[in-house]
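Please keep the sequence and the coordinates in view while reading.

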Amino acid sequence: PAVASASQPSWDGLVLRQRLLGRVALPALLGVCYCDAGGDEGCLRGESWVRAGTLAAEPLRLQPEQMAALVSVDLELVAPGGQFSLTSAHHLKLIYDPQSTFQESDCNAALPVTEDIWNLGCREVSSCRPPDSKASDRLTWRAVEAKRPGLYAACFCEAAADAGCPASHWQLLGWMVVAGVTEMYAGSKMQGTVIYTGTRFELTVL
């Protein structure tokens, strides 16, 4: 424990990773067990442990849940109940990932490109744009725009303001859906977008 006390021990700096099922972050219930046994065997004995209670873990939520390509929005990261440190630095990345193959271990090194996302920074970690406003229950980045439709992996880091962002602090929050047109053609895909005046044609939008 960070504070060793016979009556009130406490542990500091605990972080719970998002629990993802498919592309969705899920809430979780955590059972908490506690042991205060001494001696050679200490907590190796099962009877030394007692159940302390249950923690309800709510996932961080990006709002809006869906964006539209080429439309600027105010992007909020919401912590139900409030848990953001107002003195820490906060970094957010949206990485274009149409096949949703991104892993949390990719968050540290991955960098968004201007062809995919605008006004969020993070060409390197030190250039990540800080939130425009902070509250204990939400962080807001204003006027963020996704350039093309598809899935974007969302990575978040909260760290001491003067410590950068250690690789172990990055979390994969899930995926942001960006709606929009991915393909358009007249007639057939081979014909593409070339049409001829005075003739009938079929227009397909995907």
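## Contacts and burial

Of the contacts in the chain with a separation of 6 or more, 59% are between residues 24 or more positions apart, a contact being heavy atoms within 4.5 Å. The model is predicted, so that local features need pLDDT of at least 70 and side-chain atom pairs count only at pLDDT 80 or more, whereas totals for chains, interfaces and linings use all residues. Residues are numbered from 1 along each chain as its sequence is written, and side-chain values use heavy atoms, with hydrogens and water left out.

Buried residues (under 20% relative accessible area, with a 1.4 Å probe and protein chains only) make up 32% of the 206 residues in the chain.

## Overall form

The chain contains 15 strands and zero helices, where strands are DSSP runs of E with at least two residues and helices are runs of H or I with at least four, numbered from the N terminus. Its radius of gyration, taken over C-alpha atoms, is 23 Å, well over the 17 Å that the globule rule (2.2 Å times the number of residues to the power 0.38) gives for 206 residues, so the chain is more spread out than a compact globule. Along its principal axes, the C-alpha trace spans about 90 × 35 × 30 Å.

## Strand pairing around β7

Strand β7 (residues 73-78) runs antiparallel to strand β5 (residues 61-63), to which three bridges join it, and R61 has V78 in β7 as its bridge partner. Strands count as paired if DSSP finds at least two bridges between them. β7 also pairs in the antiparallel sense with strand β11 (residues 138-146) over five bridges, and here V73 stands opposite V144 in β11.

Key
Buried means under 20% relative accessible area, exposed over 50%, partly exposed in between (1.4 Å probe, protein chains only).
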